[in-house]
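Please look at the chain shown below and follow the report with the structure in view. It begins with pairs of charged side chains and then moves to helices, cores and the chain as a whole.

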Amino acid sequence: SNPACFPLSKPAGGAGGAAAMVSMVRLLVDRGKFCHMVRSRGFIMSAIVAFLSGVASGVLYYYDSSRGGQFIEKLVPTEVVFNVFITFCALVLGFRTAHALTRYTDAAMYLHKLSACWFDTASTLFSFCRPSKADNEAVDQFQQTLLRLISVTSALSLEALQGASWCPKFRFEVVGLSELDDATQREIVQAEHRVEFVFQLVQQLCVDGMESGVLGVPAPILTRSFQEMGSALLTFHEAKKLALVQMPYAYILITATLLVSEAVCVPFMMALYTRGVWLSFFFSMAVTFFMWITNCVNESLDNPFTIESKALNPCDTQHDLNSQLLQLLAQRSSPSARTDPGDTTHGSPGSNKPECTYPDLLAHTRRLSLNTWDRRTRRSIEHCVEEAHPPDDTELAPPVRMCSNEDANHARAPPGGAAAAPAPRHWRPGQEA
């Protein structure tokens, strides 16, 4: 039989549960994230408040024991009132946690959707250059400029999502930004709305490429790229609500008031219902700490794009996009994929081979797992490389330079003008598209 798919075999016994346990342990003992959490302001503040609450509970228990157990009982309300208060605090924190997790999942979705839209824009525009009737130099100029503008637009978008300028921010790499002409670099740095400014540069580049014949497709088909660019900009503005729109001030004030009240009330109740100074200290500190640290984590997730939240890593997303753009640039002149005629077992209308029915295709079409195909292909590539033995003096194309968007803010033309800057092959800075 020829199964249509190759399901993964289930591990025998409890191997699956053991693997899941190992994965969870590795996640929990992530040294970098754990150290960041311990050094965060929310963790330190929660630990201080919890320690003070525990000390107050221990002192109250000791003082109440010395007075015969009548001091605290006269001050605190009944147990029912305390249970209602704690339940209300837990409900408020539960709603706050659900809201924070929703913002986190939305931020992760916007992050990857934004990167996908930018890559899809570049991919379609690169493909539309294949039937171009313009000279190769004009096509190369268009593609090189487009790649750099897409990279810087993505980096500026992710930078704008990190909130206030005084907060510590990620540093995003951009592909060849310093190789653009000096006038364009100055305009990007001085623009008040950088994302929208570079977005307009991309659209102008596409319109100019259509007029010059670089984009050799009809205008209705070219609208596909403009739709993807518009989708990317819309996704960026949807994500800005997570960075700029905070929780209502009244709700933040109510939550803070409830937490302070909890830190004050819990020591009295723990001193009344526990046995021993240390038990009173421990339970009071534990309850207060977990409530405060939960609220602090929720506040950090108000904007998941920031370094402080440690929830997402936009730098990896930007790095992946740059790698995809460079792969797209290397793939632009590759021939189209085709099927080896010797590997087909059926024909099509007009071919010499007889046509097959659907059952015949199911029975005779070659199928194998993706892992098997990958392993065989890699072995074939390694065998070809070993037989080729390329000469040592093979000249390699210079790599495309990358710099961070923060370094690009201080970019200036080198001595002798923008043309004096080192540039990769097939690229001439300052040349108009």
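In this predicted model, Arg-186 forms a salt bridge with Asp-182, and the closest N and O atoms of the pair are 2.1 Å apart. A salt bridge here is a side-chain nitrogen of Lys or Arg within 4 Å of a carboxyl oxygen of Asp or Glu. The two residues stand four apart in helix H7, so about one helical turn separates Arg-186 and Asp-182. Arg-186 is partly exposed, with a relative accessible area of 41%, whereas Asp-182 counts as buried at 17%. Helices (H or I, at least four residues) and strands (E, at least two) are DSSP runs that are numbered from the N terminus.

As for how the model is to be read, residues are numbered from 1 along each chain as its sequence is written, and side-chain values use heavy atoms, with hydrogens and water left out. Because the model is predicted, local features need pLDDT of at least 70 and side-chain atom pairs count only at pLDDT 80 or more, while totals for chains, interfaces and linings use all residues.

| Salt bridge | Closest N to O | Helix |
|---|---|---|
| Arg-186 and Asp-182 | 2.1 Å | H7 |
| Glu-228 and Arg-224 | 3.6 Å | H9 |

In helix H9, Glu-228 and Arg-224 are four residues apart, about one turn of the helix; Glu-228 is buried, with a relative accessible area of 14%, and Arg-224 is partly exposed at 39%. Asp-374 is partly exposed, with a relative accessible area of 30%, while Arg-378 is exposed at 52%. Salt bridges that share partners join Asp-120, Arg-224 and Glu-228 into one network.

Which residues of helix H7 are buried? In this helix, which covers residues 182-190, they are Asp-182, Thr-184, Gln-185 and Ile-188. Seen down the axis of H7, these buried residues fall within an arc of 160°, so they line one face of the helix; the arc is that of the directions from the helix axis to the C-beta atoms. The cover over the buried residues of H7 includes helix H6 (136-160) and helix H8 (194-212).

Helix H6 is also the place of Ser-151, a residue that counts as buried at 0% relative accessibility. The side chains of Ser-151 and Asn-322 are joined by a polar contact of 2.7 Å, where a polar contact is a pair of N or O atoms within 3.5 Å; within protein, one must be able to donate a hydrogen and the other to accept it, and residues adjacent in sequence count only if both atoms are side-chain atoms. Leaving aside neighbours within four places in sequence, Ser-151 is in contact (heavy atoms within 4.5 Å) with Glu-173, Val-174, Val-175, Gln-318, Asn-322 and Leu-325.

The largest nonpolar core has 52 residues, and those with the most contacts inside it are Leu-146, Leu-215 and Phe-305. Such a core is a set of buried Ala, Val, Leu, Ile, Met, Phe, Trp, Tyr and Cys residues joined through side-chain atoms within 4.5 Å. The elements that give two or more residues to this core are helix H5 (79-128), H6, strand S1 (173-175), H8, helix H9 (219-244) and helix H12 (314-331). Not counting residues up to four places away in sequence, Leu-215 touches several residues, among them Leu-125, Phe-142 and Leu-222. A second, separate core of eleven residues includes Cys-89, Leu-258, Leu-259 and Ala-263.

Taken as a whole, the protein chain has 15 helices and two strands, and buried residues make up 34% of its 433 residues. Among contacts between residues at least 6 apart in sequence, 80% join residues at least 24 apart.

Notes: Buried means under 20% relative accessible area, exposed over 50%, partly exposed in between (1.4 Å probe, protein chains only).
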